[in-house]
Amino acid sequence: MLRLFDTAVGDIVEIVPVTSGRFSMYVCGPTVYDLAHLGHGRYALVFDILRRYLQWRGLDVRHVSNITDVDDKILERAETENRSPWEVASEFEGKWFSTMAKLGVLEPHSIPHATDYVHKMIELIDSLVRTGVAYQGEDGIYFDVSEIEDYGLLARQSLDSLKAGARIAEKDFKRSPMDFVLWKFSGDSSWSWDSPWGPGRPGWHTECVVMSVDILGEEFDLHGGGLDLSFPHHENERAQAEAMHYSFSRHWVHNGFVMVGSEKMSKSLGNFTTLDDLLDHTDPRAYRLLVLQSHYRSPLEVNSQTIAEASRALARLDATYQRVIEAGGDLSGASFSDIELRRFIEAMDYDLDTPTAMARLFELRSLVNQSLDEGRLVEAVSLGATMAHLLGALGLVLREGGGEELPAGVVELLERRELARSERDFDLSDRLRNDILELGFSVEDTTSGPKVRKL
Ligand SMILES: [Zn+2]
């Protein structure tokens, strides 16, 4: 039974899917106005690892993650660069997905775009206005948070204490400083949509309510994102869903920040390092390993030292894998170690304890080496196959040749092929294998994952 820390409860809880055997997750995606930074990489990896693990456990996972392609930040960049906001959004969306492919993050099953849902957002805002939960202010339509009894749940604070700590610039017309904008009147900006209240743009917090419910239904399993989204973004989503009487997300899961020199990683602190900077200089699997070695809720320190350590650890895993193969071990026919599978599941099921799972996998690596040293090949092969298989379940595919990098295009095709195989779409999987062949690489499927060789 999987347990996760639910921010709404403030504790680790049992996860019982809405529909047995299935799992529906909505993860807030990027606002496409700039390049992805390390924090984006972490949340994408954390939820990729969760998804892969659940799939590996046999659940039919539906993963939805949106693209916020309407936002003031997109408009600001477009105005500064004298371009259309559509062009800015499309450029950074393309860059986002190419970075995610490098990182080995599986594409979500659905990728809704905010701009495709503006009419549905208007419908929802209109219902909120009609039921008196939303009201018209000078510059837009606002949500009245006092209408929601437990507002502040995801911040783990009451409305009164939130009000006391409010730093939001006061607008006289607002009933409470915590009231948030649902629809912004566009003024003289040309980037706008027609609405019952005149031309304007949606605020940020409505899109995810509309898109998640449209795709996953009024009740789904998990809503996730980085910890910075828990309040106000997720709380404001929850407030709207509550006002609409949706059951909405059963659980709220958030990952910790990325720290660089002990400061929270964010653009506003001026320590903006793009994810591409990192991935261009490091095997992308090293960042996944670093993420796996810290608990998803803990802060993650990313600097040249922690990255170098992760790269060395990765090289050790690759080297052991290669050693088993060179010893003549046939990993594809090996039986896995039941006890190791059980240990892995035990760690992962308890709030996705990847540090414990990884520590055990490194011990397993030592056991593989020891078995090889002592000439016990059958045992080495079984343990080695188990190690590679479990790492593969977390999206970390071991390679022969000490971690020699595959071209990003091959990695991307390989990821898509693995997804196709997990969904039993063998026609697509065969077509992707041919595409990989055309790039000069062969793929052999083994129980420990695909084995790729340069031709
Ligand atoms: Zn969202």
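Modeller: The description starts at the metal site and then goes on to selected helices and single residues.

This is a predicted model, in which local features need pLDDT of at least 70 and side-chain atom pairs count only at pLDDT 80 or more, while totals for chains, interfaces and linings use all residues. Residues are numbered from 1 along each chain as its sequence is written, and side-chain values use heavy atoms, with hydrogens and water left out.

The zinc ion is coordinated at 2.0 to 2.5 Å by Cys28 (SG), Cys208 (SG), His233 (NE2) and Glu237 (OE). Donors here are N, O and S atoms within 2.8 Å of the metal (3.2 Å for Na, K and Ca); water is not among the atoms, so sites may look incomplete. The spacing of the donor residues in sequence is C-x179-C-x24-H-x3-E. The angles among the four donor atoms run from 72 to 125°, and the site is irregular. Four donors count as tetrahedral if all angles lie between 85 and 135 degrees; four count as square planar and six as octahedral if opposite donors are over 155 degrees apart and all others between 65 and 115; anything else is irregular.

Histidine 233 and glutamate 237 are separated by about one helical turn because they are four residues apart in helix α7 (residues 230-243). Helices (H or I, at least four residues) and strands (E, at least two) are DSSP runs, numbered from the N terminus. In general, an α-helix has 3.6 residues a turn, so residues three or four places apart point the same way. Histidine 233 and glutamate 237 are both buried, where buried means under 20% relative accessible area, exposed over 50% and partly exposed in between (1.4 Å probe, protein chains only).

Helix α7 also contains proline 232. The peptide bond leading from phenylalanine 231 to proline 232 is cis, with omega near 5°. In the loop between α7 and β10 (248-255) lies histidine 245, whose phi is positive, about 60°, although it is not a glycine. Histidine 245 is exposed, with a relative accessible area of 70%.

Next comes helix α2 (residues 72-80). At its start, a side-chain oxygen of aspartate 71 comes to within 2.8 Å of the backbone nitrogen of lysine 73; a polar contact is a pair of N or O atoms within 3.5 Å, where within protein one must be able to donate a hydrogen and the other to accept it, and residues adjacent in sequence count only if both atoms are side-chain atoms. Ile74, Leu75 and Ala78 of α2 are buried. Seen down the axis of α2, these buried residues fall within an arc of 95°, so they line one face of the helix; the arc is that of the directions from the helix axis to the C-beta atoms. Their cover includes α3 (85-103) and β8 (200-202), with contact meaning heavy atoms within 4.5 Å.

The loop between α2 and α3 holds asparagine 82. Asparagine 82 has a positive phi of about 55° although it is not a glycine, and at 72% relative accessibility this residue counts as exposed. Helix α3 has 19 residues and reaches 27 Å from its first C-alpha to its last, close to the expected 27 Å; the expected span is 1.5 Å times one less than the number of residues. Among the buried residues of α3 are Phe92, Trp96 and Met100. Just after α3, glycine 104 takes a positive phi of about 75°.

Histidine 63 lies in strand β4 (residues 60-65) and counts as buried at 6% relative accessibility. Leaving out residues up to four places away in sequence, histidine 63 touches Met25, Val27, Arg51, Leu106, Pro108, His109 and Ser110. Serine 429, in helix α15 (residues 426-438), is buried with a relative accessible area of 2%. With the sequence neighbours up to four places away not counted, serine 429 touches Arg417, Ala420 and Arg421. Arginine 453 lies in strand β15 (residues 449-454) and is partly exposed, with a relative accessible area of 38%. Its contacts, leaving aside neighbours within four places in sequence, are Glu400, Gly440, Phe441, Ser442 and Glu444.
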